Amino acid sequence: MALPLLAIVYFSISGTTENLAHAVARGAAGTADVALCRITGDDIVSGRFQNERLLETIDRADAVAFGSPTYMGGPAAQFKAFADASSDRWSKQAWANKIAAGFTTGACASGDQLHTLTYFTILGAQHGMLWCGLDIPGGEDRDGRNRLGSQLGLATHLVDGALPWSDLNTAEYLGQRLARMASRNG
Ligand SMILES: Cc1cc2nc3c(=O)[nH]c(=O)nc-3n(C[C@H](O)[C@H](O)[C@H](O)COP(=O)(O)O)c2cc1C
């Protein structure tokens, strides 16, 4: 039987969100095929996101993970350019019933990451997608996953300039959960 496809759509400048994206991919491996879709500055021409191939990858996906660093209390402008370019799909509800989840990072423990995750859920809702949060109670996990206690999605922050292993483990878990939900949803 074919595996479901998980598209991980993310923007990253200095590599932290990219590390999270790769950890989500590791978690899904074996249960889903994974397409890592990095949004780059070159995808945006005269202010508009123009990478049709990336959008077509999402068309084919069963599950989508949205990732962006938190910039000025929300998703990076490059991620928002991608989201704005999805409006044609929105008008046809072409992504309805796909499973969706989100992850973000910031410099501060409480750097308004929740707002970025909230934005991802609204984007998913606009597309009629089904939201997959984190079923790990913050502060209760033996392995220290969901360190910042965010159940809407994965919120992380840099500690001494690096992501703690528990955040990467949480990202792997989110990938695993998304892949399992995509398998059930097919
Ligand atoms: C323009 C800009 C705005 C930022 N705004 C926030 C913020 O609102 N909250 C926060 O915690 N960190 C903020 N940061 C820090 C980034 O989220 C952090 O450096 C993150 O690791 C960058 O992700 P990346 O390595 O995937 O590019 C900001 C950084 C930049 C460059």
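This is a predicted model: local features need pLDDT of at least 70, side-chain atom pairs count only at pLDDT 80 or more; totals for chains, interfaces and linings use all residues.

Shell first: I sorted the residues around the ligand and got 7 nonpolar, 10 polar and no charged. My sorting counts Ala, Val, Leu, Ile, Met, Phe, Trp, Tyr, Cys and Pro as nonpolar, Asp, Glu, Lys and Arg as charged, and the others, Gly among them, as polar.

Residues are numbered from 1 along each chain as its sequence is written, and side-chain values use heavy atoms, with hydrogens and water left out.

Next I asked which residues come nearest to the ligand.

Then I looked up polar contacts (N or O pairs within 3.5 Å). The side chain of S14 puts an N or O atom 2.5 Å from a ligand oxygen. C108 uses a backbone N or O atom, 3.2 Å from an oxygen of the ligand. A polar backbone atom of G111 sits 2.8 Å from a ligand nitrogen. The ligand alone exposes 640 Å², and the protein buries 74% of that (Shrake-Rupley, 1.4 Å probe).

Last, cysteines. How many disulfides does a search of the whole structure find? I got 0, counting sulfur pairs within 2.5 Å. For C132, the closest cysteine sulfur is in C37, 18 Å away, so that is too far for a bond. C132 is buried at 1% relative accessibility, while C108, at 44%, is partly exposed (buried is under 20%, exposed over 50%, partly exposed in between; 1.4 Å probe, protein chains only).

Notes:
A residue is near a molecule or strand if one of its heavy atoms lies within 4 Å of it. A polar contact is a pair of N or O atoms within 3.5 Å; within protein, one must be able to donate a hydrogen and the other to accept it, and residues adjacent in sequence count only if both atoms are side-chain atoms.
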